[in-house]
Amino acid sequence: MRYYPDSDVARLNSAAYELEHGSVDRAIQMLRSMDTPEAWNNLGVAYYQQNDYQQARQYFNRAAQRGLDTARRNLDELNKAGMP
């Protein structure tokens, strides 16, 4: 992100790194400034990691409605797990 701060790909990768290393709040902060289905899906993952299943479902739905298959699969898994 240091070299390409306006690049969605760089920001998504940086947020994914933060998620993988337990910095969920930092990842959420980075992703909220983005308006793409991929960012919404990753926000769903972040909220899932925080056990905020309602927010996770909202972002997975939003991304799935824009055609992101990964978000559809994540939503299906969330529903199969019976999360509220």
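Start at Y47. Setting aside neighbours within four places in sequence, Y47 is in contact with I28, R32, D52, Q55, A56 and Y59. Contact here means heavy atoms within 4.5 Å.

A word on provenance. This is a predicted model, where local features need pLDDT of at least 70, side-chain atom pairs count only at pLDDT 80 or more, and totals for chains, interfaces and linings use all residues. Residues are numbered from 1 along each chain as its sequence is written, and side-chain values use heavy atoms, with hydrogens and water left out.

Now the core. The largest nonpolar core holds 24 residues, and Y47 is among those with the most contacts inside it, along with I28, L31 and L43. Such a core is a set of buried Ala, Val, Leu, Ile, Met, Phe, Trp, Tyr and Cys residues joined through side-chain atoms within 4.5 Å. Buried means under 20% relative accessible area, with a 1.4 Å probe and protein chains only. Two or more core residues come from each of α1 (8–20), α2 (24–32), α3 (37–49), α4 (53–65) and α5 (69–80). The largest share, six residues, belongs to α4.

Zoom out. The chain has five helices and zero strands. Helices are DSSP runs of H or I, at least four residues; strands are runs of E, at least two; both are numbered from the N terminus. Of the 84 residues, 40% are buried. The C-alpha atoms fill a box of roughly 40 × 25 × 15 Å along the principal axes.

Last, charge. There are 10 positive and 11 negative side chains, and the centres of the two sets lie 2 Å apart. Lys and Arg count as positive, Asp and Glu as negative; His and the chain ends are not counted. Charges are placed at NZ of Lys, CZ of Arg, CG of Asp or CD of Glu.

Methods:
Buried means under 20% relative accessible area, exposed over 50%, partly exposed in between (1.4 Å probe, protein chains only).
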